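Biologist: I've got the sequence and the model open on my screen. Please take me through it, one question at a time.

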Amino acid sequence: MSRELSVIVMLLVGCLVLGLMLWGWTRRKRRDSGLVAPVDQRTDAQRAADTGHQVSGLYVASTAHGAPLDRLVISGLAFRAKTDVTVSAAGVSLALAGERPVFLARDTLVGVDRATWTVDRVVEPGGLVLIAWRAADGTVVDSYLRLQGSEPLDLIARIDAILPIPASSSTESPA
């Protein structure tokens, strides 16, 4: 096989792979189009009055509840990003870089736990914080955070303290 033919074959294979990736992403996006991240619609005054515990970290992914490998493409939570997490009596606020702030109101929170792995991320045991919350359509979603420079147990305790019902073993993820 000539060198030129080899290059053409490799380019075609590369284009095919990229096309399949795009096709898979658009199908997943269409599948999850009914899921919407709850945008923080509080006024600036309400946000300022409702200050709480704040930490920085990395938003990793959101998945179907109990299925850490089933990524959900939720508008506002579709891609990994740096985030500031604020826990207050009203709920949990996620300020993802480049996105509108997401606010998980206290009554939508289902549970909080530690996790070791999720879609495209494996860390030391218990290195991720899993926040389970209920979307507007009733679907339970697990969102994963990787904290930077702070202890996950502190954030988990603060979120657990505002849960509307006690945390149950249903929020546990594979270790």
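Biologist: Which is D70: buried, exposed or partly exposed?

Modeller: D70 has a relative accessible area of 26% in this predicted model. Buried means under 20%, exposed over 50%, and partly exposed is what lies in between (1.4 Å probe, protein chains only). That makes D70 partly exposed.

Biologist: Before we go on, what pLDDT must side-chain atom pairs have to count?

Modeller: Residues are numbered from 1 along each chain as its sequence is written, and side-chain values use heavy atoms, with hydrogens and water left out. This is a predicted model: totals for chains, interfaces and linings use all residues, local features need pLDDT of at least 70, and side-chain atom pairs count only at pLDDT 80 or more.

Biologist: Okay, R28 and D70. How many residues apart in sequence are the parts that this pair ties together?

Modeller: Their side chains form a salt bridge at 3.4 Å, N to O, where a salt bridge is a side-chain nitrogen of Lys or Arg within 4 Å of a carboxyl oxygen of Asp or Glu. R28 sits in helix α1 (residues 3–31) and D70 in strand β2 (residues 67–71), so the parts they tie together are separated in sequence by 42 residues. Helices (H or I, at least four residues) and strands (E, at least two) are DSSP runs, numbered from the N terminus. The answer, then, is 42 residues apart.

Biologist: Which residues are linked in a network of salt bridges?

Modeller: D70 also meets R31 in a salt bridge, at 3.2 Å, N to O. With D70 in strand β2 and R31 in helix α1, this pair ties together parts 39 residues apart in sequence. R28, at 28% relative accessible area, is partly exposed, and R31, at 45%, counts as partly exposed too. The network consists of R28, R31 and D70.

Biologist: How many salt bridges does the count come to?

Modeller: Another one joins D154 and R158, whose closest N and O atoms are 3.4 Å apart. These two are four residues apart in helix α3, so about one helical turn separates them. D154 is partly exposed at 35%, as is R158 at 38%. The total by this rule is four.

Biologist: What distance is given for the polar contact between the side chains of H53 and R158?

Modeller: H53 is in strand β1 and is buried, with a relative accessible area of 17%. A polar contact is a pair of N or O atoms within 3.5 Å; within protein, one must be able to donate a hydrogen and the other to accept it, and residues adjacent in sequence count only if both atoms are side-chain atoms. The side chain of H53 makes one with that of D154 at 3.4 Å. With the side chain of R158, the distance is 3.1 Å.

Biologist: How wide an arc do the buried residues of α3 cover?

Modeller: The buried residues in α3 are P152, L155, I156, I159 and I162. They sit on the same side of α3, because their arc, taken from the directions from the helix axis to the C-beta atoms, spans only 130 degrees.

Biologist: Last one: which residue in the turn between β9 and β10 has a positive phi?

Modeller: The two strands form a hairpin with five residues between them. The turn residue with a positive phi, about 95 degrees, is G138.

How values were computed. Pairing = 2+ DSSP bridges.
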